[in-house]
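Q: Could you take a close look at a single part of this model for me? I would like to see how that part sits among its neighbours.

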Amino acid sequence: MSENCIFCRIVRGEIPSKKVFEDDQVIVFNDINPAAPIHLLLVPKEHVESLMTVGPQHQALVGKMLLLAPRLAREQGATDGFKVVINNGRGGGQEVFHLHMHVLAGPRPWKRTL
């Protein structure tokens, strides 16, 4: 884990979050500045900078996150589909340099596009 990374601090319980799911590998919580009525952040507990830095050792973790997305979207009330976004690098819009997946759903138009 990274000492100053905001997502690592959430994983360690230093910063509160509205958790939707947690196990030994992943934590999922509501975004504090949602871009949609349903806006979840799926975050691996292991500090991985971005999708551009994942390796073969992360295959099961990334697969797990992708499989969690539809289940959690449905559980949160997404009945008509959802969007999954993974921003990578500054040029890709990444603001927190800890791999994370946005799951967005609900009536459109959304306030912003990720």
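A: F7 and F29 are both buried, where buried means under 20% relative accessible area, exposed over 50% and partly exposed in between, with a 1.4 Å probe and protein chains only. Before going on, please note that this is a predicted model, in which local features need pLDDT of at least 70, side-chain atom pairs count only at pLDDT 80 or more, and totals for chains, interfaces and linings use all residues. Residues are numbered from 1 along each chain as its sequence is written, and side-chain values use heavy atoms, with hydrogens and water left out.

The structure holds one aromatic pair; rings of Phe, Tyr and Trp (its six-membered ring) pair if their centres lie within 6.5 Å, with planes under 30 degrees apart counted as stacked, over 60 as edge-to-face and the rest as tilted. F7 and F29 make up this pair, edge-to-face, at 5.9 Å centre to centre and with 70° between the planes. Because F7 belongs to helix α1 (residues 6–11) and F29 to strand β2, the pair ties together parts that are 22 residues apart in sequence. Helices (H or I, at least four residues) and strands (E, at least two) are DSSP runs, numbered from the N terminus.

Now to β2 itself, the part I would zoom in on. Four of the five residues of β2 (residues 26–30) are buried, so the strand is largely enclosed by the rest of the structure. On one pairing, strand β1 (residues 19–22) and β2 run in the antiparallel sense over three bridges; strands pair if DSSP finds at least two bridges between them. F29 of β2 is the bridge partner of K19, and the β1–β2 hairpin has three residues between its strands. Strand β3 (residues 38–44) also pairs with β2 in the antiparallel sense, over five bridges, and here V28 has L42 of β3 as its bridge partner.

Stepping back, the protein has two helices and five strands, in the order α-β-β-β-α-β-β along the sequence. Its radius of gyration is 13 Å, close to the 13 Å from the globule rule for 114 residues, so the protein is as compact as a globular protein of that length; the radius is taken over C-alpha atoms, and the rule is 2.2 Å times the number of residues to the power 0.38. Of the 114 residues, 41% count as buried.
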